Amino acid sequence: MFKYYEEQIKVILSTAKRILVNAGAGTAKTTVLGCYAIKQAVELIRHRITWAAGNAKVLLISLTNKAADEAREAIEKWVNDKNVQLLVGSNGDEQAIVDRIVCSTIHSFAFQQLRQYAKGKDFSGFVVDNECNEQILDDILEDIKPGWRDDLSIKAALLDTNHMHIKDAEEIADVIRNKYPQYARHTKTFIENLQSLEQKKREDNIITYDDMVHRFFKLLHNRKIREQIGRKFPVIIVDEFQDTGSLQWRVIKKMVGPKSKLLCAGDDGQTIFSWAGASFYRFRHFMKQYHSCERPVLKINRRSTEPIVTLSNLLIGQSAFAIKKEITAKKEGKKVQVIYNPNRLERYEYIRVQIERLLKEGIRYEDMAVLYRSYQDLQDFKDFLAESGIPFQIFGDKSKRDRPIIKVVFSLIKIIESSTIQDADWKPVLMVLEHVGKKRVEQIIEWIQTKKPEETVYQKPYQFTEHLQKLIEFVNSMKNSTASNADRLSEIIDYARTLPKVNNSIKEHIRPTLLKHSHKCDSLSGTIDRYLDHSYSLCYPVEDEPPYPDSYLTLSNVHRSKGDEFHTVFYLGTLDHLYEKYGLFKSKKKKESELQLMNVAVTRARRELHLLFPIDKETWENDEDAHNPWRFVRDAYRDSYDTGD
Ligand SMILES: Nc1ncnc2c1ncn2[C@@H]1O[C@H](COP(=O)(O)OP(=O)(O)OP(=O)(O)O)[C@@H](O)[C@H]1O
Ligand SMILES: [Mg+2]
């Protein structure tokens, strides 16, 4: 284990109640937070801090489930480390210390608390994607306002109003007044519809990711519960603070009692989830809220070599929002390679050759990453890797989640695990049965609702289909099965593969990922929660081709590489006209997001960084201002471009 440096020790041993760390990439924020959590756990034990029903705990909030898992693993390792034990004054009972720390995302934490405090303490809702709102709203409109069901613009306004109401806890009437004044006269109907939507979700026991935080926020309005949570978690630590959404920030403020400690750490030069509610001003919000907070600094990048850190400084130097912080590096290293080449295959070939060299030098695939910015690059480069025989794993390709097989497997799980009949669960399964269209699906669901469990034959007047009979038999047999989660899941996947319309799109990739989760969950629906959790499935993505190799290259979008590090990073930049085309430079904030995204990509590299751009050579030579993303790095490397010639 490494020894901690003075600037790190200052944070770890800080006794201040409110601490804010705004420090550059790789300056050991995450590392320091883990050790601070251990220190705080030791203090809770020393002072025997409890609440009504048990020991008080330290809550460490990470951005993704993957990061939370890693934090937990690191803490389990560090409590046994002599340096750490000495530093934090450990009492020697490692397990007691670990038990005092809860590592979680804010969503999982909110969900857990909801479960605990929900009436009857048995809230076991299904977690569904936010898109489910639309399906439920359709049904509601059918009853309340049939004319609106097919009016796409009013429906979009309704859904967006709901989104803003849930995500930012804004009043429905305020959203309409500010954003949709054209619908002001319908305010009452909007409110009625959206209240019904919320009501229906509660009746059906389903919850979306946004709902989790929103409902938890509302729960915290109850003073008794709020104070209890404050006593239960007297220390709250937040990593990647810059990406905390506005409602999440309000939740955190509510949870922090007058006696609690709050440490938030992040880098305002890595705000890459602004589209999901993160704010470039989050650190300023903290300082405004807690004027007298302590603000320790971490100035030395412990991850990367000097040329990489210099490039990051240069990028962030152009920021219109991030607070200035000069970061230094301690490691010497190779200069950053900047390649521009109009030929896509030649750029890819450059990467292949470099990978070959790195392998010869003893660098393993898992210590290399190719980060992409455009979806097209993901598609093309993936094919290139497959042809080159390079094993890889993709991080951040959402499209796979929407494949029919996944929808069908999830629906089957829900049908099998639930005792009541939910139309929404049956629909995707029935839709993939041969010759069964939307109308027929509705009729079948009606029939299922009235049938007795032993009836498997689809009665007249509806035409019986062989698949339907098999489906119902299968569901009944699985409902009675006492096999393990993993075995039942395998059977469900196998069964789904026999359904006519999913057959073509079935890939083995879903199986290993789901099975991996199923071992960790008490119920099959828990597997879905795990798989679908906002970021979890993206961080532990579905594997592509069986049998999957142990060692593989990471192919990731930049967002998913957050917090990670690799010996070598290849960054696939994109043609500037695409940025322009998609309006990514239209506003100051959008441009800032691109700049910060590039900063995240660059700072993932420990030793080698290769930036590749599909820039057009002629344009580059003739037109100084032609290519905007280049603007971020061009001046730093004017003399050292490798043209790939
Ligand atoms: N005292 C130390 N000595 C040596 N290496 C260290 C020390 N502290 C941290 N590191 C290493 O520095 C690297 C970066 O640390 P860490 O991931 O905690 O940084 P971070 O600030 O959280 O980065 P990011 O901004 O990307 O989230 C890690 O490889 C970590 O192991
Ligand atoms: Mg970190």
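Which residues in helix 12 are buried? The tour reaches them after an overview.

**Overview.** This is a predicted model, in which local features need pLDDT of at least 70 and side-chain atom pairs count only at pLDDT 80 or more, while totals for chains, interfaces and linings use all residues. Residues are numbered from 1 along each chain as its sequence is written, and chains are lettered from A and ligands numbered from 1 in the order in which they are written.

Display the protein chain as a cartoon: its secondary structure comes to 30 helices and 18 strands. These are DSSP runs numbered from the N terminus (helices: H or I, at least four residues; strands: E, at least two).

Stop 1: Select the 5 strands in the order 1-9-8-4-5, which form an open sheet with parallel pairing. Two strands pair if DSSP finds at least two bridges between them. Strand 1 (18-22) and strand 5 (101-105) stand at the edges with a single partner strand each, so one side of each has no neighbour in the sheet. From one strand to the next, the twist averages 15°.

Zoom in on strand 4 (residues 58-62), which 5 bridges join to strand 5 in parallel; there, Val-58 has Ile-101 as its bridge partner.

**Stop 2: helix 12.** Select residues 209-219. The buried residues are Tyr-209, Asp-210, Asp-211, Met-212, Val-213, His-214, Arg-215 and Phe-216. Because 8 of the 11 residues of helix 12 are buried, the helix is largely enclosed by the rest of the structure. Its cover includes helix 6 (106-117), helix 9 (152-167), helix 11 (187-203), strand 7 (206-208) and helix 14.

Now show helix 14 (residues 246-255), whose axis comes within 10 Å of that of helix 12 and crosses at roughly 35°. Val-213, His-214, Phe-216 and Phe-217 in helix 12 meet Leu-247, Gln-248, Arg-250 and Val-251 in helix 14, contact requiring C-beta atoms, placed from the backbone, within 7 Å.

Conventions
Axes are lines fitted to C-alpha atoms, for helices over the stretch in contact, and angles run from 0 to 180 degrees between N-to-C directions. Two residues are in contact if their C-beta atoms, placed from the backbone, lie within 7 Å. A residue is buried if 20 or more other C-beta atoms lie within 10 Å of its own, exposed if 12 or fewer, and partly exposed in between; C-beta atoms are placed from the backbone.
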